[in-house]
Amino acid sequence: MSRLQQVTVLGATGSIGLSTLDVIARHPERYQVFALTGFSRLSELLALCVRHLPQFAVVPDTVAARGLQDDLRAAGLSTQVLVGEQGLCQVSADPAVDTVVAAIVGAAGLRPTLAAVDAGKKILLANKEALVMSGTLFMQAVRKSGAVLLPLDSEHNAIFQCMPGDFARGLSQVGVRRILLTASGGPFRQTPLAELEHVSPDQACAHPNWSMGRKISVDSASMMNKGLELIEACWLFDARPEQVEVVIHPQSVIHSLVDYVDGSVLAQLGNPDMRTPIANALAWPERIDSGVAPLDLFAIARLDFEAPDEQRFPCLRLAREAAEVGSSAPAMLNAANEVAVAAFLERRIRFPQIASIIDDVLNLEPVVAVNDLGAVFEADAKARGLAEQWLKRHAR
């Protein structure tokens, strides 16, 4: 019998983390949870530890660590609690770990994901910000360490499934003309533009097809999520921005497509359930049961497509421009967006002002080369500072 694969789940209490643990629980003969990490939902993290019995749990601070450690002991568990970024990096790089699921939202996931890369792990990447912020450095580290990088975003996983196995030779070398990145259009696809001034955070988080965290739900509503995915696709598949076309597909059944020079277009279809790409990446190159229901084409009946309206979705335009400029621009884009989305969720700004903040930050701060991680975090910090200054001037 083969050894159980040891899995660290970064961001275990989020939607990706919970879906991952659901798939793992279906295959106890294959996988064992090594470590779970959480940020604010500590009671949920405790429940997950009781169920999955990890060796380690990681929380943000010592106060939370003491509380969780006491609760774990009371439950009769030997799980050891670690703290902060150092703890995240430790459970990502531990020699016993085979696979790291990188599902921490935002810039906070960059260092632990890179720790997994440097340690040569199999990385299931859901934290798109890691590539957006530090694409060149990240991919250099992957090549140097021999880490296996598999995308968990439903779109990038779909592209991965539709690509030839040797796509790393270059898209032109393997006959790929372009990547078609699908987007649902989110909850505001047909909302009159004038009404976007008055939409609430709850409306922005009411995604028509997917169940996601609040930050990523707002990104989906603004289509910044698709912009970040465009940048990520360029790094994952060594594509130029003009080789990645965004297509609105409201049903979220076709998760993305690859267009070949001979006229063939390969698509990956499935129900909108993250357990499909998670199972694909966990078991790759094998296939395992994910728990997802079979796709019923007769129930779906139709598949629609439309071009994105950049007047409605200016964040998509800003992301494409940042991808074209490169260097520090994507890191600044991501940082300004994180600040802006947090302000919108706190009802400090209106929905259209998310794009306004990002646009102003990108115009105020010059783009610089990012030759090391310090430069990435410096660009990130400067953009956050400028975004906070914008909020002081304009927030209601």
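How many of the 6 residues of strand E1 (residues 5-10) are buried? The count is 5, so this strand is mostly covered. Here, buried means under 20% relative accessible area, exposed means over 50%, and partly exposed lies in between, using a 1.4 Å probe and protein chains only.

Before we go on, a word on the source: this is a predicted model, in which local features need pLDDT of at least 70 and side-chain atom pairs count only at pLDDT 80 or more, while totals for chains, interfaces and linings use all residues. Residues are numbered from 1 along each chain as its sequence is written, and side-chain values use heavy atoms, with hydrogens and water left out.

**Strands**

Helices (H or I, at least four residues) and strands (E, at least two) are DSSP runs, numbered from the N terminus. Two strands pair if DSSP finds at least two bridges between them. Strand E1 runs parallel to strand E2 (residues 31-37), and 5 bridges join them. Val9 faces Leu36 of E2.

Another group is an open sheet of 4 strands, in the order E9-E8-E10-E11, with mixed pairing. Strands E9 (244-248) and E11 (265-269) are at the edges with a single partner strand each, so one side of each has no neighbour in the sheet. On average, neighbouring strands here are turned by 20° against each other, direction ignored. Within this sheet, E8 and E10 pair in the antiparallel sense over 5 bridges, and Leu180 stands opposite Leu257 in E10. Helix H7 (residues 154-162) lies across E8, E10 and E11, at about 40° to E10.

| Strand pair | Sense | Bridges |
|---|---|---|
| E1 (residues 5-10) and E2 (residues 31-37) | parallel | 5 bridges |
| E8 (residues 176-183) and E10 (residues 254-260) | antiparallel | 5 bridges |

**Helices**

Helix H5 (residues 110-118) is largely enclosed by the rest of the structure, because 7 of its 9 residues are buried. Among them are Leu110, Pro112 and Leu114. The cover over the buried residues of H5 includes E1, helix H4 (84-93) and helix H16 (373-394). Just after H5, Gly120 has a positive phi of about 75°.

Two packed helices are described by the angle between their axes and the distance between the axes. Axes are lines fitted to C-alpha atoms, for helices over the stretch in contact, and angles run from 0 to 180 degrees between N-to-C directions. Helix H13 (residues 314-325) packs against helix H14 (residues 329-345) at about 150°, with axes 8 Å apart. That makes H13 roughly antiparallel to H14, a label for angles over 145 degrees. Leu318, Ala319, Ala322 and Val325 of H13 meet Ala329, Pro330 and Leu333 of H14 in this contact, where contact means heavy atoms within 4.5 Å.

**Two buried side chains**

Arg275 lies in helix H11 (residues 275-283). With a relative accessible area of 16%, Arg275 counts as buried. Not counting residues up to four places away in sequence, Arg275 touches residues including Ser19, Val23 and Gly291. Its side chain also makes a polar contact with the side chain of Asp22, at 3.1 Å. A polar contact is a pair of N or O atoms within 3.5 Å; within protein, one must be able to donate a hydrogen and the other to accept it, and residues adjacent in sequence count only if both atoms are side-chain atoms.

Gln69, in helix H3 (residues 62-74), is buried too, at 15% relative accessibility. A polar atom of the Gln69 side chain lies 2.9 Å from the backbone oxygen of Thr79.

Note on methods: Parallel < 35°, antiparallel > 145°, perpendicular 65-115°, else oblique.
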